[in-house]
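Good morning, and thank you for coming.

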Amino acid sequence: MEKNYLLAKWLNNDMTKEELAELKADPNFEEYDKIKNYSALLKVSDFDEAKILENVISHKKTSPKVIPLYKTWIFRVAAVLVIALGITFTVQNFATQTQYASNGKRITFSLPDNSQVVLNAGSEIEYKKWNWSNHRNLELQGEAYFKVAKGQRFEVKTDLGKVAVLGTQFNVKARKNRFDITCFEGRVKVNYKDKEIILTHGQSVTFQNGTQINIPVNVQKPEWLENQIAFNKENLRNILDEIQRQYNVTIDVKNDSPNELFTGKIPTNNLDVALEIIATTYHLEPKKIKSNKIIFEGK
C-alpha cells in the first residue's frame, strides 16, 4: 500500500525530494518512468467551456459527489500496473528468448513444448515462444543436450549446420570449425553444407574442415552430463578451449602447441586432474600463475 501511495504522489507531481529519491531507488522505476512518459503523449479533445456550462444549467441540480483523493491515486496506480503487466506479457511471449550458460556453469530449461534442454558451459540458445507450433526453430552457439517431448519436433541451427528433430534425445556441439552430433534415442536429420545424414540410436558424426568422421557411441547420454568431457581425435587447442569453458580459467601454452590428436576423457570437476592428463599426454609442465590462470611449458 505504501508503494502505491508513493506512485500516486509521483504521478501527481506531489513528492518530496526524499520520497522521489526512495522511488528512484526501486528497481522497477525505469519501467514506471517509461509508462508515465508514454501516457503523457496521449491527447484528448479540446475543452469546450460554453458547451459544458450549457449542459450544467440545463440539468437538474444534484448533490455534488465527492471522490476522495486517495481513490483517484489508486485508480491511476491501477492503470500503471495494468500497463506494466501488459508490457511484461508482450516481452515474455513475443521477444526472442535467450538462454546463456557462462563459463563454468550449466543451465537446464524447458521449451514451449516441454522438451528439456541442458546447455553446456560457454553456450547460448535463442528461440521465440510466440507461434512456436508453426516456427519451431532454435539457434545454438556451443553445445546442448536435448530430450525431446514425445511427438514433438523442431530444428536446431548452428553456424556450421542444422539438425532436424525426429523425436529423440541427442547432443549438438558446434565449436569453431568442428560440428559434432550424437543421437542417443530416436532419429535426427543432420544437414552440413551439401550433405544430409540420418542418425539413429547409438550413432554419432563429426564434421571438421569439410571432413566427415563417423564415431560409434556406447553411452546412454553425453559424458559432460556426468562431469567428463569426451574427446575424439581433438587437437590440443580445442581441448584447452573446452577446459577453459568448463572451469572458467585462462590457459596458455608457451612455444608451439604439439600436433598430436587426443582421444579420451577429462573430468570437469577436478581441475588438477584435468591439467595432469594434458601434461602427461603432451609432455608439458603446468604452472598456476593465478588461481584462474595457467601456463603450460615444455618439460
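By a nonpolar core I mean a set of buried Ala, Val, Leu, Ile, Met, Phe, Trp, Tyr and Cys residues joined through side-chain atoms within 4.5 Å. Please bear in mind that this is a predicted model.

The largest such core has 30 residues. Those with the most contacts inside this core are I125, L138, F146, F154, F170 and F179. Which elements give two or more residues to it? They are the strands β3, β4, β5, β7, β8, β9 and β10, and β8 provides the largest share, six residues.

Let us take I125 as an example. Beyond its neighbours within four places in sequence, I125 is in contact with, among others, F109, V117, L119, L138, L140, A144 and F146. Its contacts also include Q97, T98, Q99 and E139.

A second, separate core has 21 residues, including I229, F262, L284 and I294.

I turn now to helix α7, residues 271–282. Its 12 residues reach 17 Å from first C-alpha to last, close to the 16 Å expected. Within α7, the buried residues are L271, A274, L275, I278, A279 and Y282. Viewed down the helix axis, these buried residues fall within an arc of 135°, so they line one face of α7. The cover over them includes the helix α6 and the strands β12, β13, β14, β15 and β16.

Finally, the two ends of α7. At its start, a side-chain oxygen of N270 comes to within 3.3 Å of the backbone nitrogen of D272. Just after the helix, H283 adopts a positive phi of about 55°.

Key. Residues numbered from 1 in each chain as written. Predicted model: local features only at pLDDT ≥ 70, side-chain atom pairs only at ≥ 80, totals over all residues. Heavy atoms only, no water. Helix = DSSP H or I, 4+ residues; strand = E, 2+ residues; numbered from the N terminus. Expected span 1.5 Å × (residues − 1). Buried < 20%, exposed > 50% of the residue type's maximum accessible area, 1.4 Å probe, protein only. Arc of directions from axis to C-beta. Contact = heavy atoms within 4.5 Å. Polar contact = N/O pair within 3.5 Å; in protein donor to acceptor, adjacent residues only side chain to side chain.
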